[in-house]
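Here is a friendly walk through one protein model. Take a moment to look it over before reading on.

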Amino acid sequence: MPEADHPTPGAGLRSLALVPKAAGPQTAKDFKTDQEVRWCPGCGDYAILAAVQSFMPELGIARENTVFISGIGCSSRFPYYMNTYGMHSIHGRAPAIATGLASSRPDLSVWVVTGDGDALSIGGNHLIHALRRNVNLKILLFNNRIYGLTKGQYSPTSEVGKITKSTPMGSLDTPFNPLSLALGAEASFVARTIDSDRKHLQSVLRAAAEHSGTALVEIYQNCNIFNDGAFDALKEPGTRDEALIRLEHGRPIRFGAAGADGLPGRGVFRDPATGDLHTDLVTADNADRVLVHDAHSASPTTAFALTRLTDADTLHNTPIGVLRDVDRPVYDTLMADQLSTAVADRGEGDLGALLAGSDTWTVG
């Protein structure tokens, strides 16, 4: 693969106009490697990989200016199967490595692939700080609510009471809600989608790619070996309409089968007394009170409330789509501005003088 076009060392940090190089015509085939894809037959990762490979040409970014960085876990095999630059890094540290790359190379499109165990256990600290800093990264968090690579232990998103090899009497831990966690960390883009819904998955990826800053996309992904059917309620024709809340910016938040009056069966309302969100039947009398989704609201309050509607056991009232998409200063740009100012004021720095400055002394 040809070398990526990039500036001389140091110059990229101070060039705010740098963007990933535009590519000529590309197809999904261009993003496929010659490596054998080695996941368990039927794994949801196959569907996500195919969706990403077919989506990448839309970005118009050269493959040599695209990087996928992963941690440890089944999902972390991803860089092997993407015909771009990439790194299979260490457990939980993918956001930290990606932060360094994205901050020093603004000409690259940097993607992180991680799982619920990788990102939310040993990697939790790295994830929340990447989100609060708003580094120009796209983070795909595959959530199957189990440890798959290590053969079926409970994960930070497993439900209370989950029977696994490591919790034979049931998990005692309260699970993380990844989207609530992200919003609490001041994430500027938060979304959720499902592995088997290719159209929806790609629409969310498209929105994430267009976002400036850190975009976190949680993808419900089925592990058919160690946690099969975890998201069936959101996929089966008989239950999905009632379980899923499909969010679209600027549209009323409605879901469920059609009611007797011809209106959508249910909607999300705000309790005027408490301000809490709840779901209720939509009728002719209350149709105008259904909450309208505003993904661009400056306050994350409503988005956070939407993440709390989901019943952890039944997955009833699960919102999917873009919950939040707001403009916030991007860390990479802020850092470049500081470096530009420092160089303008004091000239190029002297690393040797810095390391042996006034705060060092000789012993003996």
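What volume does the largest cavity have? The largest cavity comes to about 60 Å³. This is a predicted model, in which local features need pLDDT of at least 70 and side-chain atom pairs count only at pLDDT 80 or more, while totals for chains, interfaces and linings use all residues. Residues are numbered from 1 along each chain as its sequence is written, and side-chain values use heavy atoms, leaving out hydrogens and water.

**Empty spaces**

Rolling a probe the size of a water molecule over the atoms shows where empty space is left. On a 1 Å grid over the protein atoms alone, a cavity is a set of points where a 1.4 Å probe fits but cannot get out, a pocket is an open set with protein on both sides within 12 Å along at least five of seven lines, and lining residues have an atom within 4 Å of a point. Points are joined across faces, edges and corners, and a volume is the space filled by probe spheres set on them.

By this rule there is one cavity of 30 Å³ or more. The residues that line the largest cavity include His293, Asp294, Pro300, Leu306 and Arg324. The elements giving two or more residues to this lining are α9 and β11, and α9 gives the most, with three residues. Helices (H or I, at least four residues) and strands (E, at least two) are DSSP runs, numbered from the N terminus. The cavity lining divides into five nonpolar, four polar and two charged residues. In these classes, Ala, Val, Leu, Ile, Met, Phe, Trp, Tyr, Cys and Pro are nonpolar, Asp, Glu, Lys and Arg are charged, and the others, Gly among them, are polar.

The second largest pocket has a volume of about 290 Å³. It is lined by 17 residues, of which Arg145, Phe176, Asn177, Thr310 and Ala312 lie nearest its centre. By class, this pocket lining has seven nonpolar, five polar and five charged residues.

**Some buried residues**

Buried means under 20% relative accessible area, exposed over 50%, and partly exposed in between (1.4 Å probe, protein chains only).

| Residue | Relative accessible area |
|---|---|
| Phe31 | 0% |
| Arg145 | 8% |
| Asn286 | 10% |
| Asn317 | 9% |

Arg145, found in the loop between β4 (138-143) and α6 (178-184), has a positive phi of about 60° although it is not a glycine. Asn317 lies in the loop between α9 and β11 (318-325), and its phi, near 65°, is also positive in a residue other than glycine.

Phe31 sits in the segment before α1 (44-55). Contact means heavy atoms within 4.5 Å, and the residues that Phe31 touches, not counting those up to four places away in sequence, include Gln26, Met56, Ile61, Tyr81 and Thr84.

Asn286 is in the loop between β10 (277-281) and α9 (301-307). Its side chain reaches the backbone nitrogen of Thr283 at 2.7 Å. Asn286 also touches Phe269 and Leu281, not counting residues up to four places away in sequence.

**A helix pair**

Where do α3 and α5 meet? Pro95, Ala96 and Thr99 in α3 meet His126, Leu127 and Ala130 in α5. By class, this contact has four nonpolar, two polar and no charged residues.

Terms used:
A polar contact is a pair of N or O atoms within 3.5 Å; within protein, one must be able to donate a hydrogen and the other to accept it, and residues adjacent in sequence count only if both atoms are side-chain atoms.
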